[in-house]
Amino acid sequence: MMLESSHAAAMNASTPANDTPFCYSINSPPFKRQSVISSVYFSATFSALGLISNFVAFIVLAKSFHRTHNRSRSSFLIFLGGLVVTDFSGLLVTGSIVISFHLTGFNWRSLDPHCHFCNFMGMSMVFYGLCPLLLGATMAVERFIGINRPFARFTAMPKSRTVSMVLTVWLLAGLIALLPVVGLGSYHIQFPGSWCFFNVSFEGSDQVFSLLFSLTGLLSIGVSFLLNTVSVVTLIKVCCKQDRTQRRRDHEIEMMVQLLLIMVIASICWCPLLVFIAQAVLSRQPFQVVRLLIGIRFATWNQILDPWVYILFRRAVIKRIYPRFNWSRDSIMSKYSSFSDTIRRFTSSSNRGSLN
């Protein structure tokens, strides 16, 4: 059953009632109406799948990191490791709270009269939501530099700096998550009463934070798309060159395939929620609260599917499934010689045009 946001005035209230804690001023538990999408089975299944997938992916990445001697590959694995740790932690923190609510039916207002727990839950949702998107954009920047400016990157990107970049992304996401606690926006309990999130509203500071969250996510996806597209085109041009003495690009192709899949998954899973939030705020119209919950469910699939990119789309796995497949330039271009010729003609004509 769809739960309409019928109390539009209450949804946009800027001040709570006299003795009502702020996080319960808009939606106050217990909620009478339930929905299949909000059942404990959904939460338990999503959390279990995500935790198992990320745990397996972390083991795979750890083994790959210890075996690799390629500097660019090591940096890329560090980013992937940061993404896996983020996804695993997010599912563990938020999933344990939601499942505990469904199993015990605890009373939020008795357990958390001062909204500290609700604020923590809301901060966790924002932090673990933005981190994968920001990390995806950062990885796109790293690959863009690695493919287009390899020599500059070789001297400027040691492993310690890669770790610092991951920590910087976590810090940025953490600062954004803290904003509603200090007054820019607000965290409130959400239908069906098992979780807290920021108030999606078209009034005051709630509107500012809603747009900040939505636009930060969409901008991260846009940057990833732009830079990954340029990187793919550059990689194709390099692979199409006639010079047989060029260094092997197997690692670059593998990393680029994984990064493209991460970007596609993030776009499919997160765009519905991010666009919905922006649309709800800018349209200044009441919305169906269950649509927000469905958007969160879609976004959760990002944390479940991401690990399988690292588990399945590796050269070792592809070779086991299809032994004849080869990541190397000669193998790929020999199968697509006509495509190679087309790319060479396009790049040569572009170069002549630029000279003219």
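**The disulfide and the cavity**

Mentor: With -115 degrees about the S-S bond, the link of Cys 118 and Cys 196 is left-handed. The model is a predicted one, in which local features need pLDDT of at least 70 and side-chain atom pairs count only at pLDDT 80 or more, while totals for chains, interfaces and linings use all residues. Residues are numbered from 1 along each chain as its sequence is written, and side-chain values use heavy atoms, with hydrogens and water left out.

Trainee: Which parts of the chain does this pair link, and how many residues apart are they?

Mentor: A disulfide is a covalent bond between the sulfur atoms of two cysteines. Here, a disulfide is a pair of cysteine sulfur atoms within 2.5 Å, and Cys 118 and Cys 196 are joined with an S to S distance of 2.1 Å. Helices (H or I, at least four residues) and strands (E, at least two) are DSSP runs, numbered from the N terminus. The pair links distant parts of the chain, with Cys 118 in helix 5 and Cys 196 in strand 2, 78 residues apart.

Trainee: Is Cys 118 buried or exposed?

Mentor: Buried means under 20% relative accessible area, exposed over 50%, and partly exposed in between, with a 1.4 Å probe and protein chains only. Because its relative accessible area is 0%, Cys 118 is buried.

Trainee: Which element gives the most to the lining of the largest cavity?

Mentor: A cavity is a set of points, on a 1 Å grid over the protein atoms alone, where a 1.4 Å probe fits but cannot get out, and lining residues have an atom within 4 Å of a point. The structure holds four cavities of 30 Å³ or more, and about 400 Å³ of space lies in the largest, a volume being the space filled by probe spheres set on the points, which are joined across faces, edges and corners. Of the 30 residues that line the largest cavity, those closest to its centre are Thr 94, Met 125, Ile 296, Thr 300 and Gln 303. The element that gives the most to this lining, with seven residues, is helix 10.

How values were computed:
1 Å grid on protein atoms, 1.4 Å probe; cavity = no way out; pocket = protein on both sides within 12 Å on 5 of 7 lines; lining within 4 Å.
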